Amino acid sequence: MIELIKKLPKAELHLHIEGSLEPELMFRLAKKNDVKIPYENIEDVRKAYNFTNLQTFLDIYYAGANVLLTKDDFYDLTWEYILKCVEDNVIHTEIFFDPQTHTERGVPFEAVITGIKEALADAKEKYGITSCIIMCFLRHLSQEDAFETLEQALAFKDDIIGVGLDSSELGNPPSKFKEVFKKAKEEGFKLVAHAGEEADFSYIYEALDLLNINRIDHGVQSIKSPELMQRLKDEQMPLTVCPNSNIELKVFETYKEHNIKELLDYGLNISVNSDDPAYFKGYVNQNFINLYENLPITEDDVITLVKNSFRSAFIDDELKEAYLAKVDLALQ
Ligand code: HPA
Ligand SMILES: [Zn+2]
């Protein structure tokens, strides 16, 4: 099974580039940029990565992002993630970034997007990896702030395929961002939102009905509503599930309690993703391996999950077919 997991080409649809900041790069950039970080050494960092919920993670994740200042820093961050894609056979990736985390520290929007974009262009040239960029609004900030961020993004419209919604979920429902998502849709952006990660399934209904999203990020709380499950199945609405993340943030106490197998068996369109791999102990293959080691996941399940990742990607039908054919070829 592990051989199968490794050899299958995959797409990753839920990856926060700031969440791929490995401690080694964090130290290197802290030194270069003369930014203080609250750790003495790498071991200290690993020890701090012991979360009790989403917020305890976010506090550390935003503190880590402080070391990112220049275009080159964002290039290096993205390039290191691309090297992990090569290792894990990820041939298409859709990357989230959080501009507000950086612009509020005085880092220009342009430095962030250009660094990411140039690394992705090199990834295409050197490894043939295709990619898109999705800009997330921080939901703990206001809709007005999100509108300002959208305004800044318009100058880079050709580089950004869609907008998303992340950060502290509880108390910040999708309805708070109804107007800015409407405007983003009018501007031609694809729409995604984190929903039903920690908060209940009403947030998933809001994301579907008020934000008109094309994909749900996480969505694991949908299992509590039979009616919602039926709807997600009928619509084949993609759910980008991140198993390691859910365990590390205590959405499920143990791997054995994760509901991905039930969601999949019900017929939902599920993919497997790494979310914030530097913080959650592993990249996409490690997520698959953990599922296999803890749940009754079959080889057919793995193939379905991988095929779903391409089916749900923001790429044209021709490329989708080509990638699905690559999966079939790897299976021969
Ligand atoms: O899993 C997440 N949830 C919400 N916000 C985030 N920002 C990075 N990762 C996450
Ligand atoms: Zn996420």
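A residue is near a molecule if its C-beta atom, placed from the backbone, lies within 6 Å of it. Keep that rule for the ligand stop below.

**Before you start**

This is a predicted model, where local features need pLDDT of at least 70, side-chain atom pairs count only at pLDDT 80 or more, and totals for chains, interfaces and linings use all residues. Residues are numbered from 1 along each chain as its sequence is written, while chains are lettered from A and ligands numbered from 1 in the order in which they are written.

Colour by confidence. pLDDT is the predictor's confidence in each residue, from 0 to 100. The chain averages 98, and 100% of its residues reach 70 or more. The model scores are ipTM 0.96 and pTM 0.98.

**Stop 1: the whole chain**

Show the cartoon. The chain has 16 helices and eight strands. These are DSSP runs, numbered from the N terminus: helices are H or I with at least four residues, strands are E with at least two.

Zoom out. Along the principal axes, the C-alpha atoms fill a box of roughly 50 × 45 × 40 Å.

Of the 332 residues, 46% are buried. Buried means 20 or more other C-beta atoms within 10 Å of the residue's own; exposed means 12 or fewer, and partly exposed is in between, with C-beta atoms placed from the backbone.

Contacts come next. Two residues are in contact if their C-beta atoms, placed from the backbone, lie within 7 Å. Among contacts between residues at least 6 apart in sequence, 75% join residues at least 24 apart.

**Stop 2: residues 9-328**

Select 9-328. UniProt, in an unreviewed entry, lists this span as "domain: Adenosine deaminase". UniProt positions use the numbering given here, feature names are shortened, and annotations may be inferred rather than shown by experiment. The span is 50% helix and 15% strand, and its end C-alpha atoms lie 10 Å apart.

**Stop 3: ligand 1**

Select ligand 1 and its shell. Which residues surround ligand 1? They are His16, Gly19, Leu54, Tyr61, Asp166, Ser167, His194, Glu197, Ser245, Asp275 and Asp276. The shell divides into two nonpolar, five polar and four charged residues. Here Ala, Val, Leu, Ile, Met, Phe, Trp, Tyr, Cys and Pro count as nonpolar, Asp, Glu, Lys and Arg as charged, and the others, Gly among them, as polar.

**Stop 4: the annotated binding site**

Click His14. It sits in strand β1, residues 10-16. His14 is buried, with 32 C-beta neighbours inside 10 Å. Leaving out residues up to four places away in sequence, His14 touches Asp217, Thr240, Cys242, Asn273 and Asp275.

Move to Asp275, in the loop between β8 and α14. Asp275 is buried too, with 30 C-beta neighbours inside 10 Å. Beyond four places in sequence, its contacts include His14, His16, Gly19 and Ser245.

**Stop 5: Glu197**

Select Glu197. The unreviewed UniProt entry annotates Glu197 as "active site". Find it in the loop between β5 (190-195) and α10 (202-209). Is Glu197 buried or exposed? Glu197 counts as buried because it has 24 C-beta neighbours inside 10 Å. Apart from neighbours within four places in sequence, Glu197 contacts Leu54, Glu169, His218, Val220 and Val251.

**Stop 6**

Most residues other than glycine have a negative phi. Select Gln236: its phi is positive, about 50°, although it is not a glycine. Gln236 lies in the loop between α11 and β7 (238-241). Gln236 is exposed, with 12 C-beta neighbours inside 10 Å.

Now Lys281. Its phi is positive, about 60°, and it is not a glycine. Lys281 lies in the loop between β8 (269-272) and α14 (284-294). Lys281 is partly exposed, with 16 other C-beta atoms within 10 Å.

**Stop 7**

Select Glu227 in helix α11, residues 226-235. Glu227 is exposed, with 10 other C-beta atoms within 10 Å. Draw a line to Asn89: the C-alpha atoms are separated by 36 Å.

Finish at Arg28 in helix α2, residues 23-33. Arg28 is partly exposed, with 14 C-beta neighbours inside 10 Å. From Arg28 to Leu165, the C-alpha separation is 30 Å.
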